[in-house]
Amino acid sequence: VQLQASGGGLVQAGGSLRLSCVASGRTFSRSVMGWFRQAPGKEREFVAAISGSGGSTVYADSMKGRFTISRDGAKNTVYLEMKSLKPEDTAVYSCAADTAHYGVYATHKVVSAYEYWGQGTQVTVSS
């Protein structure tokens with residue numbers, strides 16, 4: 001599985017961005033997909049995850065209500081819609097795939113739950 005994230009950029013506080021992650025491979029539709037972020041000098045942080053069907057999602061508490069994860073099976077793509085962005089949201093955002101599970105669980109909040117990672121896309125929020 002190869003993952004390619006895009007859609008990052010520079011945005012003012014209060015603005016919105018939509019990130020995309022295109023996955024190659026036939027296992028996409030059966031995989032849990034997640035988004036993580038990493039700010040300079042900080043550890044990688046969980047953002048959101050979605051089940052293989054797209055029917056179930058898990059979010060980091062601090063991002064509920066502002067971020068929305070979704071997926072399009074026909075396009076092998078998972079999205080992260082981000083609204084009301086804050087300067088503290090500045091980070092490299094990466095997508096990840098867990099091909100061993102179809103359902104999403106609280107355990108998908110940890111980095112070790114995922115086998116495959118994309119290269120990340122930079123999001124910078126100016127104040």
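1. Strand 4 and strand 5 run antiparallel and pair over 5 bridges. The model that shows this is a predicted one. The two strands make a hairpin, with 6 residues between them. In its turn, Gly-41 has a positive phi of about 75°. Across the pairing, Phe-36 has Phe-46 of strand 5 as its bridge partner.

2. Strand 4 also has a partner in strand 9. These two strands run antiparallel and are joined by 7 bridges. Gly-34 finds its bridge partner in Ala-96 of strand 9. Is strand 4 mostly covered or uncovered? It is mostly covered, since 6 of its 7 residues are buried.

3. Now the aromatic rings. A pair of such rings is described by how far apart the centres are and by the angle of the planes. The structure has 4 aromatic pairs. One of them joins Phe-36 and Phe-46, edge-to-face, at 5.5 Å centre to centre and 70° between the planes. Phe-36 belongs to strand 4 (residues 32–38) and Phe-46 to strand 5 (residues 45–50), so this pair ties together parts 10 residues apart in sequence. Phe-36 counts as buried because its relative accessibility is 1%. Phe-46 is buried too, because its relative accessible area is 7%.

4. Phe-36 has a further aromatic partner, Tyr-114. This pair is edge-to-face as well, with 5.3 Å centre to centre and 80° between the planes. Tyr-114 sits in the loop between strand 9 (91–98) and strand 10 (116–117), while Phe-36 is in strand 4, so the pair ties together parts 78 residues apart in sequence. Tyr-114 is buried, because its relative accessible area is 6%.

5. Which residues make up the aromatic cluster? Phe-36, Phe-46, Tyr-114 and Trp-117 form one cluster. The charged end of Arg-44 sits over the ring of Trp-117, 4.3 Å from its centre.

6. Next, the disulfide. This is a covalent bond between the sulfur atoms of two cysteines. A search of the whole structure turns up 1. Cys-21 and Cys-95 form it, with their sulfur atoms 2.0 Å apart. The link is right-handed, with 65° about the S-S bond. Cys-21 is in strand 3 (residues 17–23) and Cys-95 in strand 9, so placed that the pair links distant parts of the chain, 74 residues apart. Both Cys-21 and Cys-95 are buried.

7. Strand 7 is worth a look for its two faces. In a regular strand the side chains alternate between the two faces of the sheet. In strand 7, the covered face holds Phe-67, Ile-69 and Arg-71. The uncovered face holds Thr-68, Ser-70 and Asp-72.

8. Strand 7 pairs with strand 8 (residues 77–82) in the antiparallel sense, over 6 bridges. Their hairpin has 4 residues between the strands. One of its residues, Asn-76, takes a positive phi near 50°.

9. Asp-72 lies in strand 7 (residues 67–72). It stands opposite Thr-77 of strand 8. Is Asp-72 buried, partly exposed or exposed? Asp-72 counts as partly exposed, because its relative accessibility is 23% and the cut-off for buried is under 20%. Beyond its neighbours within four places in sequence, Asp-72 contacts Phe-28, Thr-77 and Tyr-79. Ser-29 is 43 residues from Asp-72 in sequence, yet the C-alpha atoms are 9.0 Å apart in space.

10. Thr-121 counts as buried because its relative accessibility is 9%. Which residues does Thr-121 contact, leaving aside neighbours within four places in sequence? They are Ala-5, Ser-6, Gly-7, Gly-8, Leu-19, Ala-91, Val-92 and Tyr-93. With Gly-8 there is a polar contact: a polar atom of the Thr-121 side chain lies 3.1 Å from the backbone nitrogen of Gly-8.

Definitions and conventions: Residues numbered from 1 in each chain as written. Heavy atoms only, no water. Buried < 20%, exposed > 50% of the residue type's maximum accessible area, 1.4 Å probe, protein only. Contact = heavy atoms within 4.5 Å. Polar contact = N/O pair within 3.5 Å; in protein donor to acceptor, adjacent residues only side chain to side chain. Phe/Tyr/Trp six-rings, centres within 6.5 Å; stacked < 30°, edge-to-face > 60°. Lys NZ or Arg CZ within 6 Å of the ring centre and 35° of its normal. Pairing = 2+ DSSP bridges. Disulfide = S-S within 2.5 Å.
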